[in-house]
Structures are given as C-alpha cells and as structure tokens.
Amino acid sequence: MRQWVEKAQQGDTEAFGQLMLHFRGMAYAVSYDMLKDVHFAEDAVQDAFMEAYQNLGKLQEPSACFSRLVQDHCHKTMPADAAA
C-alpha cells in the first residue's frame, strides 16, 4: 500500500485508483452506516476520495486518512433533519 501512496504522490493516477479500490468497500460501509441513504453515502465517498486526491502530498496513513475523510464528508452530506 505504501507503494501506491508514493506512486500516487508522484502523479500515478493508476496507483491512486488502486488505493480507491482498496478502500472503497470500507468507505461505503462507513458512510452508509452513518447516513442510511445509498445516494448520500455514494456522494460522501466520492467527495472524500476527491479530497484525498487533492491532498495526496499530505497522505501519510491511508487507512486512517480515508476513514476520517469519509466521516467528515458524511457529516457534511448528512441532511439537516438527520443531524438532530
């Protein structure tokens, strides 16, 4: 996994794709568990991966990073009435 991160940081989009494939299931499970909506969960995962890609230089521990990003984006995606 470290190789994927290093290659992605050097601009290898296929390496980032491998990271996405590796974390996609976890990311979706976390987001669906929080949001209870397929569409909101998919949006949160997509947004989290986009943010991860934009901040590849800061990516140190992928599993912790992706989990945190997904949770952050779930909170942003969550409908106002569900947050209460």
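Residues are numbered from 1 along each chain as its sequence is written, and side-chain values use heavy atoms, with hydrogens and water left out. Because the model is predicted, local features need pLDDT of at least 70 and side-chain atom pairs count only at pLDDT 80 or more, whereas totals for chains, interfaces and linings use all residues.

**The core**

Begin by selecting Ala8, Phe16, Leu19, Phe49, Leu59 and Phe66, which touch the most other members among the 21 residues of the largest nonpolar core. A nonpolar core is here a set of buried Ala, Val, Leu, Ile, Met, Phe, Trp, Tyr and Cys residues joined through side-chain atoms within 4.5 Å; buried means under 20% relative accessible area, exposed over 50%, and partly exposed in between, with a 1.4 Å probe and protein chains only. Helices are DSSP runs of H or I with at least four residues, numbered from the N terminus.

Then centre on Phe49, which, leaving aside its neighbours within four places in sequence, is in contact with Phe16, Met20, Phe23, Arg24, Ala27 and Phe66, where contact means heavy atoms within 4.5 Å.

**H1 against H2**

To see the side chains involved, select Trp4, Val5, Lys7 and Ala8 in H1, which meet Ala15, Phe16, Gln18, Leu19 and His22 in H2.

**H2 against H3**

Moving on to H2 and H3, one finds a packing angle of about 140° and axes 9 Å apart. Residues of H2 including Phe16, Met20, Phe23, Tyr28 and Leu35 take part in the contact with H3, where the partners include Val38, Phe40, Val45, Phe49 and Tyr53.

In the loop between H2 and H3, select Lys36, which is exposed, with a relative accessible area of 55%. Its backbone deserves a look, for phi of Lys36 is near 55°, a positive value in a residue other than glycine. Most residues other than glycine have a negative phi.

Return to helix H2 for Met34, which counts as partly exposed at 26% relative accessibility. Not counting residues up to four places away in sequence, Met34 touches Gln71, Cys74, His75 and Met78; the C-alpha atoms of Met34 and Met78, 44 residues apart along the chain, are separated by 8.4 Å.

Finish in helix H4, where His73 is found and where, at 8% relative accessibility, His73 counts as buried. Once its neighbours within four places in sequence are set aside, His73 is in contact with Ala44, Asp47, Ala48 and Glu51. Arg68 is also placed in helix H4, but Arg68 is partly exposed, with a relative accessible area of 43%, and its C-alpha atom is separated by 9.6 Å from that of Ala27, 41 residues apart along the chain.

Key: Helices (H or I, at least four residues) and strands (E, at least two) are DSSP runs, numbered from the N terminus. Axes are lines fitted to C-alpha atoms, for helices over the stretch in contact, and angles run from 0 to 180 degrees between N-to-C directions.
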